[in-house]
Amino acid sequence: MFSLKPPRPTFKSYLLPPPQTDDKINSEPKIKKLEPVLLPGEIVVNEVNFVRKCIATDTSQYDLWGKLICTNFKISFLTDDPMPLQKFHFRNLLLGEHDVPLTCVEQIVTVNDHKRKQKVLGPNQKLKFNPTELIIYCKDFRIIRFRFDESGPESARKVCLAIAHYSQPTDLQLLFAFEYVGKKYHNSANKVNGVPTGGSGGGSQKTPLFETYSDWDREVKRTGAAGWRVCSVNEGYMVSTCLPEYFVVPSSLADQDLKTFSHSFVGRRMPLWCWSHANGSALVRMALVKDELRQRRVDQRVCNAVTKSHPQRSDVYKSDLDKTLPSIQEVQAAFVKLKQLCVNEPFEETEEKWLSSLESARWLEYVRMFLKHSAELVYTLESRRVSVVLQEEEGRDLSCVVASLVQVMLDPYFRTIPGFQSLIQKEWVMAGYQFLDRCNHLKRSEKESPLFLLFLDATWQLLQQHPAAFEFSETYLAVLGDSTRIALFGTFLFNSPHQRAKQSTEFAISKNIQLGDEKGLKFPSVWDWSLQFTAKDRTLFHNPLYVGRSLPRVQNGLAKPFKRTKRNCSSTLRGVPASFKNGILRDQEALPRRNSLVLKAKPDPPPPRAEGPDGGLERFFREWLSRPADLHGLLLPHVSGVHVRLWKLCYFRWVPEAQISRGGSSTAFHKLSLLADEVDALSRTLRQRRAGPLQACYAEPDQSRMYFRASGPHDAAGTPEFLSSSFPFSPVGNLCRRSISGTPLSKFLSGAKIWLSTETLASED
């Protein structure tokens, strides 16, 4: 019989290499098989293999080899190598471990070691040399460095140009959110991280967006605002394009009056109600009257309407924020100096003069000024029972910060996670804060100003001074600030609700998307945290010290709410009340500063003085400080230089030299979380033994609100090894400043305008 198999060769050569098997022929480097995880609408623009990501500062032994990819959403680095020196990673589900959103990119610098040239890449610039190194400066203070020593020179040049082009779009509709939402409408079955892209999972359904009449009406009823009504005069944005369609105005102002007076205000931004106190006083914000001839008449008409909305018909206090607080340009200049200080290279050279440099940056001074002025307005609303009108030229920058801080101090609802999110929706998103310009998504630096970050910083100051009064943690505030740099959420993408509706409608028409009854495309909300983090990681948002007002206690097998009684004694936790001057909390000079070698003598008590114009404010602060803090009542900030501190988790988390292993506030967070979880576990055990009516009041054991659990694997006597002062973030691989031949960020920050106009610069030695 004949065999169909070919005969086996009998000749064996000892000169040629052995023949390769099919497995060896088909085998390729692992780097070739690495593919990115893409979101709906995300495409790969360019990529380059054999790229080295620099990890350590002085050595290359920890560097990672992989593939550098540029998409229309992010810069992605793919590698099979594990991240060295990193024992914990707080992962965003939308981004990989080494990914950077394009809207988070500040500057792109390419370097050629051989020609000793470097260049800052713009969106439409040419690169006349093949880069050997790429340095990416990020808005969140990260510096990421890649080397192309083994890469193809042409491929490296193309990927650098692609990153420069897509990270600096010239039009709003070129941002990734439009492609993402457009893909969702074409394929409604798309899901991201197991959640429908238009869904409200993860908490967004608990956060009112104030896009409807009913949301505003519920807020008016929640605050008990009598004499105020929800108006729909701006429905379809017929009156003002920078106000929401629905907002609250005095009941005495008819719609026709609003239309008549709207022409007198800058941007037609009429008086906008923010919040009402239980005593009847209200917080209102509005733009300036641009017509000087009608200014007095319009102001009087507005003040009379606000007065009529007060039960006691009290006067109105007007606060001119443009004259009281720093301008947006001054805030931006202070932030640039702060960034230069936090990422200066090398870090050790600035250590001796670091505190004086921080003071000269004036960032903390501006945070203190906003807190101080907000506290003074709290006194006006709370003690004097007088309505406050915030005036600003356009009424959509400084007033956002002040109005929000006042409400955080006065209303405990805004110190919860749903309440804080609704506050941002009401006072920032719907009130027309220009996120597109202020966050510089389109790289128009002349309009950039970090006012929203300043508000988060000021809120963090309150959180540090009154930690048990806030439901959220500082991790939540830091992640919220990071979310403004992800071009996916409609929350932080536009200058106004009208711009969102107009741009999304134009995009839908260009892409043949049928909107139906919708007024525009529905972008994902940032409050849908399940799109970014797992349920386990979201527990890091919860403050273990917080005790909710509705949390029940167990007594005789029955659930009873906590009752807080005021005692006529001072709390040992509140410390010695600081002295005052002109209504400002002064430094506690009688108390030595920690680590201080000089013990100052206690000054003599100031002589009694007659009560002046600020006497009422001083007495108000003294009386509040003399009582134990009501965690669900009024909160006032300490605004002295000792109490206003630098937010290290936000500004230092990417600086390896500033990290404290098993130290910092994270260690206290770990211990408090274990204690809080143990208390919850004991409460559940007590409930089960009594078998009373509390069975449905407590979460199951696997639904703990704490990240660290007393019964989990982290339950140990010592602090976990992965804890550091930057927890839950890790600086490993995100900042390499020593031995960089590229342009230092300090040079960029000190001479940005000159530097951007220069084609090539000499290398820094």
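This is a predicted model: local features need pLDDT of at least 70, side-chain atom pairs count only at pLDDT 80 or more; totals for chains, interfaces and linings use all residues.
Where does aspartate 437 have its place?

1. Aspartate 437 belongs to helix 14, which covers residues 435-438. With a relative accessibility of 7%, aspartate 437 counts as buried; the cut-off for that label is under 20%. Setting aside neighbours within four places in sequence, the contacts of aspartate 437 are Lys447, Glu448 and Asn495. The contact with asparagine 495 is a polar one between the two side chains, at 3.1 Å. As for lysine 447, it lies 10 residues from aspartate 437 in sequence, and the C-alpha atoms of the two are 5.5 Å apart.

2. Phenylalanine 435 sits in helix 14, while phenylalanine 492 is in the loop between helix 16 (474-483) and helix 17 (497-510), so the pair ties together parts that are 57 residues apart in sequence. Both phenylalanine 435 and phenylalanine 492 are buried.

3. A second tilted pair is made by phenylalanine 452 and phenylalanine 455, whose ring centres are 6.3 Å apart and whose planes are at 45°. In general, an α-helix has 3.6 residues a turn, so residues three or four places apart point the same way. Phenylalanine 452 is buried at a relative accessible area of 4%, and phenylalanine 455 is buried at 0%.

4. Glutamine 425 is worth a look if you care about polar groups in buried places. Glutamine 425 is part of helix 13 (residues 417-429) and counts as buried because its relative accessibility is 3%. A polar atom of the glutamine 425 side chain lies 3.1 Å from the backbone oxygen of leucine 209. Beyond its neighbours within four places in sequence, glutamine 425 is in contact with Thr207, Pro208, Leu209 and Phe210, and also with Met430, Thr491 and Trp527.

5. Four strands form an open sheet in the order 13-14-16-15, and their pairing is mixed. Its edges are strand 13 (272-276) and strand 15 (316-320), each of which pairs on one side only. From one strand to the next, the twist averages 20°. Strand 13 pairs with strand 14 (residues 282-287) in the antiparallel sense, over 4 bridges, and leucine 272 has arginine 285 of strand 14 as its bridge partner. Helix 7 (residues 292-308) lies across strand 14, strand 15 and strand 16 (387-392), and runs at about 130° to strand 15.

6. Two arginines are placed over aromatic rings. The charged end of arginine 222 sits over the ring of phenylalanine 414, at 5.1 Å from the ring centre. Likewise, arginine 653 lies over the face of phenylalanine 729, and here the distance to the ring centre is 4.5 Å.

7. How many residues of helix 19 are buried? The count is 8 of the 11 residues in helix 19 (residues 615-625), so this helix is largely enclosed by the rest of the structure. Among the buried residues of helix 19 are Gly615, Gly616, Glu618 and Trp624.

8. Some backbone details may interest you when you check geometry. Most residues other than glycine have a negative phi, and most peptide bonds are trans. Against that background, the peptide bond from phenylalanine 727 to proline 728 is cis, with omega near 10°. Proline 728 is in the loop between helix 21 (665-690) and helix 22 (745-750).

9. Positive phi values turn up at two residues other than glycine discussed here: arginine 385, with phi near 60°, and asparagine 512, with phi near 55°. Arginine 385 is found in the loop between helix 11 (363-382) and strand 16, and is partly exposed, with a relative accessible area of 48%. Asparagine 512 has its place in the loop between helix 17 and helix 18 (535-538). With a relative accessible area of 62%, asparagine 512 is exposed.

Definitions and conventions: Residues are numbered from 1 along each chain as its sequence is written. Side-chain values use heavy atoms; hydrogens and water are left out. Helices (H or I, at least four residues) and strands (E, at least two) are DSSP runs, numbered from the N terminus. Buried means under 20% relative accessible area, exposed over 50%, partly exposed in between (1.4 Å probe, protein chains only). A polar contact is a pair of N or O atoms within 3.5 Å; within protein, one must be able to donate a hydrogen and the other to accept it, and residues adjacent in sequence count only if both atoms are side-chain atoms. Contact means heavy atoms within 4.5 Å. Two strands pair if DSSP finds at least two bridges between them. Axes are lines fitted to C-alpha atoms, for helices over the stretch in contact, and angles run from 0 to 180 degrees between N-to-C directions. Rings of Phe, Tyr and Trp (its six-membered ring) pair if their centres lie within 6.5 Å; planes under 30 degrees apart count as stacked, over 60 as edge-to-face and the rest as tilted. A charge sits over a ring if NZ of Lys or CZ of Arg is within 6 Å of the ring centre and within 35 degrees of the ring normal.
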